[in-house]
Amino acid sequence: MHSLVQLSTRTWLKECGREEEFKHQFVSRIAALFPPGDYSNWATCQRLFPHVERAVDYRPVESKLEEAWATLLYNGGWYAELQGRYDVAEQMARKSRRSRKEILGREDERTLASTSLCAEVLRDKGLWKEAEKLEVQVMETRKAKLGADHPWTLTSMANLASTYRNQGRWEEAEKLEVQVMETRKAKLGADHPDTLTSMGNLASTLWNQGRWDEAEKLEVQVMETRKAKLGADHPDTLTSMNNLASTYRNQGRWDEAEKLEVQVMETCKAKLGADHPATLTSMNNLAFTWNSQGRHEDALALMQDCVEARQRVPGPEHPDTLSSLATLLANNRALDEATRDKMKLEVQVMETFKTKLGADHPSTPTSMNNLASTYRNQGRWEEAEKLFVQVREMSKTKLGADHPATLTSMNNLAFTWNSQGRHEDALALMQDCVEARQQALGPEHPATLSSLATVSEWSS
């Protein structure tokens, strides 16, 4: 219908005093037609979603119809969240939660579902403290009402664990994830989609802890089962393929990583769209792998595209955007003539990480490390040393002495000491780094071989 016809129709209904009647009919019909937002319903959701967006501001007065409106917004928010449209999803989830709380009460399961969706969107947006607050509330209520082993309780525990993982609270995340995984295996079976999700979540936490062999074992199992049960192009399958590729990359298995990442990126573009968060994650990961393979120009161009897209969605201050920007700045050798601007950006990224995530979040030392590397490349060795020492101590405390990130900070500090003429100190630290990398990564890992070659060069 032409927009002018719509406008004249609305005006006529208003003059006749029947606007609210037709709004109620519209809400009732679209609520009956719009399904839950999971993957199997995406074709229907895509077709009807513009009508749901129109219904957001049509809150009915009659309580029974308002309940249907709240369900419509919950399903619409669910679909929008999976599409990466986080602002729209948050608006729908919050309105659904507010309405359900007023009609049904704070502890009704439908209210808790809307609360959980709000938390999930906040987690997607990098607002982890706000998400945690809601997730704890949902988890405790479900434990009390349904029991610790109820599937909905386990889902709320898994959601909270995901937020802990994003916050760098990996031990707390792992504890919850193991509990959820074991309970789901016992109650639902090892091949149930919820069990596979919990296995994938645990693998991600192990990956962050540098426990890549353990992560790989789980990721292979999850990927193969999802391929068989859901299909190779299902979003959950693509996520598991992407996670396994990241593990391969960290293990130095770059060709295997690249093969998976290219497949994931192309499928995500075709199925989800070029700006979907999953597509951008796959671009980011492939850029890392290309850089490890020495394809620096290709990696830089892809990461540049990723940064530009992430600045649009999910936004310039989202942790994912900042991480990609930090990587771009740290590896952009073409910025030598604009080093001052580059440093300003690196300082800005570091300070934003500290403000948004906290000084001890794992991403903060990474941004500090990038700035220190720029100082070292400029010959500003005292400033570089100060930051590298700080990063090393933070990594030791937060991640452990043998975590790969801690060993990278040792490697970087040794290079700085060598540049300062502290050759004996540098050699001793690099030898310690080689021994630790041989144990943690293995003797054939590229990082181990690089440190070993450096020891050989400095010794001679």
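I call a residue buried under 20% relative accessible area, exposed over 50% and partly exposed in between, using a 1.4 Å probe and protein chains only. The model is predicted, so I kept in mind that local features need pLDDT of at least 70, that side-chain atom pairs count only at pLDDT 80 or more, and that totals for chains, interfaces and linings use all residues. Residues are numbered from 1 along each chain as its sequence is written, and side-chain values use heavy atoms, with hydrogens and water left out.

Ring pairs came next: I paired rings of Phe, Tyr and Trp (its six-membered ring) with centres within 6.5 Å, calling planes under 30 degrees apart stacked, over 60 edge-to-face and the rest tilted. I found 6 aromatic pairs by this rule. Among them, Phe34 and Phe49 have ring centres 6.4 Å apart and planes at 45 degrees, so I noted the pair as tilted. Phe34 is buried at 3% relative accessible area, and Phe49 is likewise buried, at 3%. I then looked at Tyr39 and Trp42, whose ring centres are 5.0 Å apart with planes at 75 degrees, so this pair is edge-to-face. Tyr39 is partly exposed at 26%, whereas Trp42 is buried at 12%. I also noted that ring pairs link Phe34, Phe49 and Tyr79 into a cluster.

Last, I looked up Trp212, which is buried with a relative accessible area of 12%.
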